[in-house]
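Thanks for coming. I will go through the aromatic pairs and then the nonpolar cores.

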Amino acid sequence: MARASIVGAGMTKFGVHEATLPELFAEAALPALDDAGVEAGDIDAFYLGNAMGGQTENDTHLAPTLASHIGIAGVPCQRFEDACATSSNAFKHAVQDVESGLHDVVIVGGVERCTPETGLGTGEMTRIFASASHRQYEQPTGLTFPGVFALLTKRHMFEYGTTPEQLASVAVKNHAHGAHNPRAHFGRDIDVSDVLDSPIIADPFHLMDCCPFSDGASAVIVVSDDIADEFDAPVDVTGVGHGTDIVPLADKPDFPSTMSARRAAEQAYEQAGITADDVDFAEVHDCFTGAEVMASEALGLFEDGEGGPAAADGRTYIDGEMPINPSGGLKAKGHPIGATGTAQLVELVEQLRGDAGDRQIADVETGIAHNLGGDAGTTLVSVLEVRA
């Protein structure tokens, strides 16, 4: 049973943008409104994901500012901040509100600029990203997020024998998918040796194991199930799970399990009345190659320890048994923090409508999005399905 439906979707190309945050968001929001066939006056509320605007651009109180820029000033607006899971959390609240009858039509989106166009270099941006780690226990040690996920992945390698070549296969696959996505920051054919020959960032991750800093925006239009049939191409939202885990990292009892993802997936699958066996494809939060391997197992798409071999065997390609990140994922499509969650939903909508062009997966009816925040202390999993 649908909890809500998405009837419009839009996003910018992810990469380097000179546009201001309001201008950039409008490039995603206005196409989403057009896609849904709704006017600004039809919007009941606006939920925004933006994680770092205050730190990177001295720009806060963004929701009413962006609402004014796209012509919906006056509606209830709310900015959400939940590290990299920011816009997925905003989406959860939109689904809840149309399901409850509080609103009928809500625009949800995210926007962020993370490249040197902000005036901040990689070092300063890495420090700002690290503000999502534990202030007292982790930040004083200099731990950054490549280091956080390197620790999680090294434990996965120790427990299951996952190899650097298997991790590199994730990057190779996502870049191949990104080559078919005109909105991807980086999409080009690479091979395993390209990854393993790139500079070490945090063992076991080489540069090509890591996603880029990107600028970009994305948006979807969420409506209640009661009115979804009034629109041309609704895609149903049948489950949204929200799990959390212990922070700081050192207190997590089981590094590779990423428990927040398992909790979120359990909730989302139960709401949708499905199991992992019913999932046709997934967009997952591959901020690092090891993160995709662990996500594929936490979501139940592969048994624990099988995520690495599955990637190396080509089972997660668009034409494989379980396609993962047909968009290119964060690794190739890019990662403008606040826009990433709703961008995953845009990809699900296009795939389920059959509108994904050269990266279209054949005969898909159920897709899931996995969007994590911080050291996987937060994860949201959304289930989208073709409307029956």
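How many aromatic pairs does the count come to? The count is five. Keep in mind that this is a predicted model.

The ring centres are 4.6 Å apart and the planes meet at 50°. F213 is partly exposed, at 24%.

There is also an aromatic cluster, made up of F149, F205 and F288.

Now the cores. The largest nonpolar core has 35 residues, and the members that touch the most others are I6, F91, V108, V220, V222 and L384. Several elements supply at least two residues each, among them strand 1 (4-11), helix 4 (86-100), strand 4 (105-113) and strand 11 (378-386). Helix 13 gives the most, with seven residues.

What is L384 in contact with, leaving aside neighbours within four places in sequence? The list includes I6, V235, V237, L345, L348, V349 and L352. D236, E365, T366 and G367 are in contact with L384 as well.

Finally, a second, separate core holds 32 residues, including V7, L21, V75 and A217.

Key:
Residues are numbered from 1 along each chain as its sequence is written. This is a predicted model: local features need pLDDT of at least 70, side-chain atom pairs count only at pLDDT 80 or more; totals for chains, interfaces and linings use all residues. Side-chain values use heavy atoms; hydrogens and water are left out. Rings of Phe, Tyr and Trp (its six-membered ring) pair if their centres lie within 6.5 Å; planes under 30 degrees apart count as stacked, over 60 as edge-to-face and the rest as tilted. Buried means under 20% relative accessible area, exposed over 50%, partly exposed in between (1.4 Å probe, protein chains only). A nonpolar core is a set of buried Ala, Val, Leu, Ile, Met, Phe, Trp, Tyr and Cys residues joined through side-chain atoms within 4.5 Å. Helices (H or I, at least four residues) and strands (E, at least two) are DSSP runs, numbered from the N terminus. Contact means heavy atoms within 4.5 Å.
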